[in-house]
Amino acid sequence: EAREAVGARRRDGAWRGREMAAKVVVERGLPAAHLLEALIDDPLPRVRLAGLRALGAVGEAECVPAVQVALDDPEVADAAARALLQLERRLDRRFS
């Protein structure tokens, strides 16, 4: 139920809804990494940032390629690097 609500927010035309979707995934520990990956392609940097922060917190190894692509985005590269480091620590694996 919460997962569907997050999915609906991700498609929301208002950026605040998309940003909040990332926060809800983390707060509730929802298995919704695919939704977060979509957020890191958002046109607004703050939504991309929220998606990257959330992927660092709850993402799995399958999310790493999307995070690595974000390393080339100058507006969110630092957040992508932090998310990648957080994934490495949390999953006890090296991805770079």
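Let me begin with what an axis is: axes are lines fitted to C-alpha atoms, for helices over the stretch in contact, and the angles between their N-to-C directions run from 0 to 180 degrees. The model I am showing is a predicted one, in which local features need pLDDT of at least 70 and side-chain atom pairs count only at pLDDT 80 or more, while totals for chains, interfaces and linings use all residues. Residues are numbered from 1 along each chain as its sequence is written, and side-chain values use heavy atoms, with hydrogens and water left out.

The protein has six helices and zero strands, where helices (H or I, at least four residues) and strands (E, at least two) are DSSP runs numbered from the N terminus.

Which helices pack together? Two packed helices are described by the angle between their axes and the distance between the axes. The axes of α2 and α4 come within 9 Å and cross at roughly 10 degrees, and that makes α2 roughly parallel to α4, since angles under 35 degrees count as roughly parallel. On the α2 side the contact (heavy atoms within 4.5 Å) includes Trp15, Arg18 and Ala22, and on the α4 side it includes Ala50, Gly51 and Ala54. By class, this contact of α2 with α4 has nine nonpolar, one polar and three charged residues; here Ala, Val, Leu, Ile, Met, Phe, Trp, Tyr, Cys and Pro count as nonpolar, Asp, Glu, Lys and Arg as charged, and the others, Gly among them, as polar.

Helix α4 (residues 45–58) also packs against α6 (residues 77–91), with axes that come within 7 Å and cross at roughly 10 degrees, so α4 and α6 are roughly parallel as well.

Now to the interior, where buried residues (under 20% relative accessible area) make up 42% of the 96 residues. Leaving aside residues up to four places away in sequence, Ala22 touches Leu36, Leu39, Ala50, Gly51 and Ala54.

Finally, is Asp73 buried or exposed? Asp73, in the loop between α5 and α6, is buried, with a relative accessible area of 19%. Its side chain is joined to that of Arg48 by a polar contact of 2.9 Å, a polar contact being a pair of N or O atoms within 3.5 Å, of which, within protein, one must be able to donate a hydrogen and the other to accept it, and residues adjacent in sequence count only if both atoms are side-chain atoms.

Note on methods:
Angles under 35 degrees count as roughly parallel, over 145 as roughly antiparallel, 65 to 115 as roughly perpendicular and the rest as oblique. Buried means under 20% relative accessible area, exposed over 50%, partly exposed in between (1.4 Å probe, protein chains only).
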